[in-house]
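Visitor: I'd like to learn how to read charged pairs and helix faces in a model. Could we go through some together?

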Amino acid sequence: MADFGGDTEAFRAEARAWLEANFPRSLKGKAGAAYIEDESPDDADIKAWTLAMGDKGWGVPTWPKAYGGGGLAPAEARVLQQEMRRIGAWNPIGGMGTMMFGPTLLEYGTEEQKKEHIPPIARQEVRWCQGFSEPGAGSDLASLQTKAEDKGDHFLVNGQKIWTSGAQWADKCFCLVRTDTTRKHEGISFVLIDMHDPGVEVRPIKLIAGASPFCETFFTDVNVPKKNLVGPLNGGWTIAKRLLQHERSGLGGGSEGGGGGGGLFGVGGSPAHLAKTYVGLDEKGRIADADLRARVIGHEMDARAFQLTAFRMMAEARSNQGPSAATSIMKNAGTKVGQDRAELIIELMGAHGLGWEGEGFTPEELAVVRGWLGGKALTIFGGSAEIQSNIISKRILGLPDPLGPSQH
C-alpha cells in the first residue's frame, strides 16, 4: 500500500475504492464474525470477502505488514472502519486468534513463532481456542493442575480444561500448564497445542441458548514440541495476565478483529428500528409508547458513548504499548450495555420475543431470543464482573485488598 504520510483523506479515497470493488453487496448489513468462532461458513460471498480482507491485511489493520497485517496507522484504521460502516461492510476476520492470542504473541513470541502463527490468523486460516479454566481452577486460575512433563525435546501434557470456547472447531489451542508443582503462579507455562494431535478429546457443553460453543477438553499423553513454549519456562502467568487484558479489551469493544466486542451488542438490529416495527409510530412519526421511546433513546446514548470510549481506548492502547487495567471497566460497562439492549429488544418485540421454535416466528426473532439467553454468560466469561470490580478497585482506584495480597 502507498505511504500516505498521514494524509487520511488520501487513504479514505483508496479504502473507499477498494471496498466498493471487493465487498459483496449480498452481505450488506448482515452479522459479521462472532466472538466465538463457529464452523466455517459455506456462503461463497463470505469466503470471497474473507479471502480479500485477509490478502489485504485489513482484518487486523494495525498489525505489522511483515506478519500479514495491514500496517495502518491508528488514524487510517479509524478511517477504514468508518468507510466499512458507510457501506454496511463488516470485518470477517475475528475470533480468539485476533482478539487475544495474536496481540499476545506479537509481544511475547519469538520471531519464528510470529512468522509461523500470525499470518494464518490474519487470513482467518487457523482457528484458535483458549485452554485456561479447569474444573477446580476458574476464578482462582493459578490453581490449575493440567501438567506438562519435560521429556527432553517435548512436553507430555495430561489434564482437563473446561469452558474451552470453540474447541470443537479449533485447529490449535493456547494453553496454560503446570511445569513446576512446588510453586503456584511461578510454576505455570504457556504452550501451544495442536487440537488434531493424538490424545486430545473435546466434548461440547450444551447451553441454555441451545448452542454448544463451550466444551470440556481432555489431554491424555499429548506431545507438545519445545518450540511451542511461549516465553520462558514457568513464565506463563505473566503472559496469561496480558492475554486476559486483550480478551477484556475485545469483549469491551476494543478489539480490532471482527471477533471483538461486537458480541456485546448481540443480534437483532437497532432497538429504535425494531420498536417502530413492533410497537408502531405516533402521528409525529415517533415510537408510539412514550416510556419505551425514552428508554430506547437512553440506551442508544449509552451505547454510542460506550463505542466512542472504546475507540479512544484502542488509540491509547496502541500508543501505550497495549491495553491496561482499564479494560476491566470497559468489560463491565460493555456487558451492561449489551445485556440492557437484549432485554429492551425482547420487551419491545412482545410475544414475538418469546419464541424458541415454530412457524409463528421468523429466523431473526428466534435468533434474538437465543442471543438474549446466550448474553447472560457475558458477566461470567472473560473474567466475572466481580473479578473485574476487584481489579478496578485495586489497580485503578488503589483501594486495599480486603482479602489480602493476591496475584490476579
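Visitor: Is glutamate 9 buried, partly exposed or exposed?

Guide: This is a predicted model, where local features need pLDDT of at least 70, side-chain atom pairs count only at pLDDT 80 or more, and totals for chains, interfaces and linings use all residues. Residues are numbered from 1 along each chain as its sequence is written, and side-chain values use heavy atoms, leaving out hydrogens and water. Buried means under 20% relative accessible area, exposed over 50%, and partly exposed in between (1.4 Å probe, protein chains only). Glutamate 9 is partly exposed, at 48%.

Visitor: Which residue does glutamate 9 meet in a salt bridge?

Guide: Side chains of opposite charge can pair when their charged atoms come close. The rule here is a side-chain nitrogen of Lys or Arg within 4 Å of a carboxyl oxygen of Asp or Glu. Glutamate 9 meets arginine 12 at 3.3 Å, N to O. Arginine 12 is buried, with a relative accessible area of 18%.

Visitor: Where do glutamate 9 and arginine 12 lie?

Guide: An α-helix has 3.6 residues a turn, so residues three or four places apart point the same way. Glutamate 9 and arginine 12 are three residues apart in helix H1 (residues 8-22), about one helical turn. Helices are DSSP runs of H or I, at least four residues, and strands are runs of E, at least two, numbered from the N terminus.

Visitor: Which residues are linked with them in a network of salt bridges?

Guide: The network joins Glu9, Arg12, Arg16, Glu20, Arg25, Glu83 and Arg86. By this rule, the model has 21 salt bridges.
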